[in-house]
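Subject: Structure for you to look at

Hello,

Here is the structure I promised to send over. My notes on the ligand site, the helices and some backbone details follow below it.

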Amino acid sequence: MTSIPSKITLQVPAKINPQIRVGPLREDGYHDITLAYQAISLFDTLTISQNPEGPTMNVTGMDSDRVPADNRNLVIKAASLLGKHVDVEPTFHFELAKCIPSEAGLGGGSADAAAALVGCNMLWGSKVNDDDLMELGAQIGEDVPFFIRGMMAIGLGHKQPLVSLEVTGHKWIWVLAIPFRGLSTKAVFQEHDEVLTGSLSEEEEKYRRRRQGCIDVAWGTSSPMELLPFLVNDLEFPSTRLLPDIGIALEAGRSHGAVASLMSGSGSTCAFLAKDEAHAMQLKTELQKETIFREIVIASGPVEGVRVIQN
Ligand code: ATP
């Protein structure tokens, strides 16, 4: 019999999106969207302990001044949702140490929500399986299910299950450059819709073809170098219109010799693929000379999702 811990510490990675394909706005107000996900070695740490006064929360580290430490935090939302599901009150204290920058397209809040689901499930001994945790996660945000298992996956958009990918040992090394300004996901999609050029049916047809391209790629088993033509993000154009620094960042990556330069999520982080660790260090040094980035970090993927590091 395994005993139930009274305190648990979990680590959860950030994500980047090696490819994003976006369709036109549908009548229900959502976009069809197809995303490739990769979990990378930049981690938030969440410690959950018993607290009869809970839920309470403290947030430290990267951008903690921008992250609410109350029931607006996705950690508390996730704990409450799982609590309702298993009929228990989330009487916990959550200590969140952030390394994932906020509003950067790296999925930090969603990652933390996934950590809360896994951690509370263990502290309650409630034995909700990963598939059900992923379903609960999807009620909090579209990216949340990905962080339960991490590695690489394809997301097929609103309310459709994530497709996990077989992964066979290729290491991707990224230099992540985070501009001073972040971008609102909603604003980027609005801009995307405004800059669509064709009729809706033409755009829909174009999207179907691009989507199939995203699905057919052997993301998990091919080397990064074989996949270079597929590293594209349809949101780069609208994001750059809203924040020209993104265009400047992508161009800087190219001119300093990045193997690929692309934006992650709806921005504003730009991810530059390096040949190896030494190349990544060199790229980082070059990019540090630009004045538009508030942070530049090296991370690699794919890595696994939520992991218990202490109990
Ligand atoms: P995505 O890549 O999914 O678009 P993001 O990385 O751009 O996400 P997040 O860092 O997840 O953005 O934060 C988005 C918003 O969520 C912020 O306004 C922040 O205040 C709020 N938020 C709620 N909970 C958290 C959390 N645990 N960590 C970070 N932000 C959180």
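Throughout these notes, buried means under 20% relative accessible area, exposed means over 50%, and partly exposed is in between (1.4 Å probe, protein chains only). This is a predicted model, in which local features need pLDDT of at least 70, side-chain atom pairs count only at pLDDT 80 or more, and totals for chains, interfaces and linings use all residues. Residues are numbered from 1 along each chain as its sequence is written, and side-chain values use heavy atoms, with hydrogens and water left out.

Ligand site

The ligand is surrounded by 21 residues, and the closest are Glu-103, Gly-105, Gly-109, Asp-112 and Asp-143. The shell divides into seven nonpolar, seven polar and seven charged residues. Here Ala, Val, Leu, Ile, Met, Phe, Trp, Tyr, Cys and Pro count as nonpolar, Asp, Glu, Lys and Arg as charged, and the others, Gly among them, as polar.

Strand 4 (92-98) and helix 2 (108-123) each supply at least two residues of that shell. Helix 2 gives the largest share, three residues. Helices (H or I, at least four residues) and strands (E, at least two) are DSSP runs, numbered from the N terminus.

- Glu-103: a polar side-chain atom lies 2.8 Å from a ligand oxygen.
- Asp-143: a polar side-chain atom lies 2.9 Å from a ligand oxygen.
- Arg-66: a backbone N or O atom lies 3.1 Å from a ligand oxygen.

On its own the ligand exposes 610 Å², of which the protein buries 81%. Accessible areas come from the Shrake-Rupley method with a 1.4 Å probe; for residues, only the protein chains shown count as cover.

Helices

Which residues of helix 3 (residues 130-140) are buried? They are Leu-133, Met-134, Leu-136 and Gly-137. These buried residues fall within an arc of 165° seen down the axis, so they line one face of helix 3. The arc is that of the directions from the helix axis to the C-beta atoms. Glu-135 and Gln-139, on the other side of helix 3, are exposed.

In helix 1, the buried residues are Val-75, Ile-76, Ala-78, Ala-79, Leu-82 and Gly-83. They cover an arc of only 160° around the axis, which puts them on the same side of helix 1.

Loops and backbone

The loop between strand 8 (260-263) and strand 9 (270-274) holds Thr-269 and Ser-268. Thr-269 counts as buried, at 0% relative accessibility, and its side chain reaches the backbone oxygen of Ala-104 at 2.7 Å. The peptide bond from Gly-267 to Ser-268 is cis, with omega near 10°.

A cis peptide bond also runs from Gly-301 to Pro-302, with omega near -5°. Pro-302 lies in the loop between strand 10 (293-301) and strand 11 (307-310).

Lys-127, in the loop between helix 2 and helix 3, has a positive phi near 55° without being a glycine. Lys-127 is exposed, with a relative accessible area of 77%. Met-151, also not a glycine, has a positive phi of about 60°. Met-151 is in the loop between helix 4 (146-149) and strand 5 (152-155), and counts as partly exposed at 25% relative accessibility.

Regards

How values were computed. Near = heavy atom within 4 Å. Polar contact = N/O pair within 3.5 Å; in protein donor to acceptor, adjacent residues only side chain to side chain.
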